[in-house]
Amino acid sequence: MIIVMKHKATQDDILQVASEVTRAGLMANVSEGAEITVIGVIGDKSRLNSDAINSLPCVDKIVSVTESYKLANKKFHPDPSVIEMSNCKIGGKELVVMAGPCAIESKEQLFESADAAKAGGAAILRGGAYKPRTSPYSFQGLEEEGLKFMQEAKARTGLSVVCEVTSIQAVNTAANYVDMLQIGARNMQNFELLKAAGKTKIPVLLKRGLCATIEEWLNAAEYIMSEGNPNVVLCERGIRTFETSTRNTLDISAIPVIKAKSHLPIIVDPSHASGKKEYIASLSKAAIAAGADGLMIEVHPNPKIALSDGPQSLNPEEFKVLMEELKIIASACNRTL
Ligand code: PEP
Ligand code: MN
């Protein structure tokens with residue numbers, strides 16, 4: 001449930017109500033918004049004297065939250081969350097683009113990709129050091145060596161860096177090198193991994209599982225947040241449907257649905273959604289028009305020789321052209337890029 005405070009409630013009032021909640025052995029999550037302050041309550045509500053709280057002059061009303069996810073719920077945090085990175089903010093007026101290769105293949109390949117990402121106007125460099133490949137015989141990633149290249153690419157360009165982590169050990173290693181941890185689609189319900197990412201305070205990019213409902217996705221975010229890490233960004237990357245002309249089906253409706261149910265920012269990955277570079281521009285434009293807070297796009301200096309996901313990767317020139325086109329859509333949606 002949430003306790004909605006009256007406009008005139010003071011800091012002392014808020015503290016008093018929050019301590020009432022914690023005294024009863026429940027967790028109080030205070031969200032002070034531009035319009036209203038709400039106190040989200042997590043735990044066994046029968047231990048709380050709700051009638052007494054409801055009758056306090058500083059309390060407007062008590063609303064029950066039926067959804068199983070609480071911290072990720074918009075009712076708990078009515079204002080949109082903005083995730084602060086060192087060089088950008090995700091979830092504000094400015095759209096954030098993450099660009100880079102599917103996999104880090106070498107220092108040279110990563111540096112060329114980083115330069116292309118920067119030249120096109122991306123704020124975050126992506127690149128996989130631990131690759132969750134369908135076949136165990138496919139290139140599995142450079143692991144810690146790749147993370148070191150990422151750190152060097154950051155120093156070279158000033159871009160923030162994001163890397164996927166596929167194990168708890170990788171979380172602990174990557175935490176020393178990157179600005180954002182990515183939990184991939186295949187691990188969206190790897191609860192031990194989610195908890196490990198939640199124990200860090202590093203922003204987490206949580207991709208939607210291949211067959212996950214929006215509710216399951218938000219519960220996965222809840223696993224991270226309930227460990228004390230509120231810095232979660234969601235990424236719609238297409239879901240598996242009967243359609244085979246694209247690698248996955250981009251669920252564009254996930255954007256307004258997430259905006260209605262959660263305060264967390266959401267970005268879209270048109271590369272993994274489509275699997276084909278020809279469709280990336282259309283899907284990117286649709287994502288921005290539908291209200292996404294940014295994009296994740298695979299960019300490779302020479303997609304033809306990429307060790308993974310070449311067919312869905314843009315080359316530097318194509319990325320630059322796309323970014324110019326997206327500026328027009330962004331401005332039509334009252335966003336900047
Ligand atoms: C990726 O971004 O490199 C990736 C593997 O994506 P997904 O988890 O969405 O398949
Ligand atoms: Mn990929």
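A disulfide is a pair of cysteine sulfur atoms within 2.5 Å, and a search of the whole structure finds zero disulfides. This is a predicted model, in which local features need pLDDT of at least 70 and side-chain atom pairs count only at pLDDT 80 or more, while totals for chains, interfaces and linings use all residues. Residues are numbered from 1 along each chain as its sequence is written, and side-chain values use heavy atoms, with hydrogens and water left out.

**Cysteines**

- Cys163 is in no disulfide, and the nearest cysteine sulfur, that of Cys102, lies 11 Å away.
- With a relative accessible area of 1%, Cys163 is buried (buried means under 20% relative accessible area, exposed over 50% and partly exposed in between, for a 1.4 Å probe and protein chains only).
- The sulfur of Cys333 is too far for a bond, because the closest cysteine sulfur, in Cys235, is 18 Å from it.
- Cys333 counts as partly exposed, at 27% relative accessibility.

**Packing of helices α7 and α8**

- Helix α7 (residues 214–225) packs with helix α8 (residues 254–261) at an angle of about 50°, and their axes are 11 Å apart.
- That angle makes α7 oblique to α8, since angles under 35 degrees count as roughly parallel, over 145 as roughly antiparallel, 65 to 115 as roughly perpendicular and the rest as oblique.
- The contact (heavy atoms within 4.5 Å) is made by Ile214, Trp217 and Leu218 of α7, together with Ala254, Val257, Ile258 and Lys261 of α8.
- By class, this contact of α7 with α8 has six nonpolar residues, no polar residues and one charged residue.

Terms used: Chains are lettered from A and ligands numbered from 1 in the order in which they are written. Axes are lines fitted to C-alpha atoms, for helices over the stretch in contact, and angles run from 0 to 180 degrees between N-to-C directions. Helices (H or I, at least four residues) and strands (E, at least two) are DSSP runs, numbered from the N terminus. Ala, Val, Leu, Ile, Met, Phe, Trp, Tyr, Cys and Pro count as nonpolar, Asp, Glu, Lys and Arg as charged, and the others, Gly among them, as polar.
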